[in-house]
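The tour goes from one selection to the next and says what to look for at each stop.

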Amino acid sequence: MTMTDTPTELALLQGARLKGRLTAESAALFAGDSAAVHVKALELRGLMKPGPAGARLTPAGKERLRALLAQERSAVDTATVRRLYAEFDRHNSALKEIVGAWQLRLDGTANDHADGAYDADVLDRLAAAYHDAAPLLSRIGAAVPRLVGYAHRFSRAIEKVRRGGHQWVANPLEDSYHQAWFELHQDLLGVLELDRVDEARQGRA
């Protein structure tokens with residue numbers, strides 16, 4: 001049986017938690033080209049269960065994930081991560097407004113994307129938001145090494161958008177900019193042991 005190193009194990013178990021189920025494509029976001037081999041190893045250990053829609057966590061996998069997250073938490077500088085999260089929250093507020101504008105026009109009607117000038121303005125705002133957030137993403141990766149891959153996911157999504165792939169703005173079926181941002185938010189909450197419901201009550205989710 002192929003053994004999975006602890007960082008990869010944590011990345012895949014957390015990926016399964018974030019996405020509900022891991023397909024070959026989504027697993028690669030967390031473990032690269034070798035993801036399929038590692039997922040199989042986790043299945044053989046009883047930490048994931050295969051299925052037609054992808055591999056999901058088992059009860060043993062959830063327990064193992066909790067233990068690995070606790071280990072990660074003890075190894076990072078929590079005070080630094082809290083400062084980074086506070087900065088993330090400011091960017092998060094701006095991104096929520098941009099995604100809201102992409103989905104709904106000012107009058108509250110659904111954006112049918114028929115107005116090219118309107119969409120271009122929203123996409124310019126998204127590109128500017130990405131530029132502003134890029135230094136933060138690098139610092140997050142330095143503070144929590146498991147999260148370093150998010151920077152690539154954001155840059156790829158922005159490049160897809162620039163090339164006309166507008167589904168990469170906010171589509172949960174793609175590794176869109178908004179989807180990656182949502183998952184990074186969840187990861188930061190996990191590192192800090194914060195509850196998303198409590199954060200939402202305070203306007204931070």
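Rings of Phe, Tyr and Trp (its six-membered ring) count as a pair if their centres lie within 6.5 Å; planes under 30 degrees apart are called stacked, over 60 edge-to-face, and the rest tilted. This is a predicted model, in which local features need pLDDT of at least 70 and side-chain atom pairs count only at pLDDT 80 or more, while totals for chains, interfaces and linings use all residues. Residues are numbered from 1 along each chain as its sequence is written, and side-chain values use heavy atoms, with hydrogens and water left out.

**Stop 1: the rings.** Select Tyr85, Phe88, Tyr130, Tyr150, Phe154, Tyr177 and Trp181, which ring pairs link into a cluster. The whole structure holds 7 aromatic pairs. One of them joins Tyr130 and Tyr177, edge-to-face, with 6.2 Å from centre to centre and 85° between the planes. Tyr130 belongs to helix H6 (residues 116-143) and Tyr177 to helix H8 (residues 177-191), so this pair ties together parts 47 residues apart in sequence. Helices (H or I, at least four residues) and strands (E, at least two) are DSSP runs, numbered from the N terminus. Is Tyr177 buried or exposed? Tyr177 is buried, at 2% relative accessibility, and Tyr130 is buried too, at 16%. Buried means under 20% relative accessible area, exposed over 50%, and partly exposed in between (1.4 Å probe, protein chains only).

**Stop 2: start of H8.** Select Ser176, in the loop between helix H7 (150-162) and H8. Ser176 is buried, at 1% relative accessibility. Leaving aside neighbours within four places in sequence, Ser176 is in contact (heavy atoms within 4.5 Å) with residues including Ala157, Trp168 and Asn171.

**Stop 3: H1 against H8.** Select helix H1 (residues 6-19) together with H8: the two pack at an angle of about 115°, with axes 11 Å apart. Axes are lines fitted to C-alpha atoms, for helices over the stretch in contact, and angles run from 0 to 180 degrees between N-to-C directions. Which residues of H1 and H8 meet? Gln14, Arg17, Leu18 and Lys19 in H1 meet Gln179, Glu183, Gln186 and Asp187 in H8.

**Stop 4: a strand residue.** Select Met48, which lies in strand E1 (residues 48-49). Met48 is buried, at 2% relative accessibility. Not counting residues up to four places away in sequence, Met48 touches residues including Leu12, Leu13, Ala16 and Leu57. The C-alpha atoms of Met48 and Ala60, 12 residues apart along the chain, are separated by 8.2 Å.
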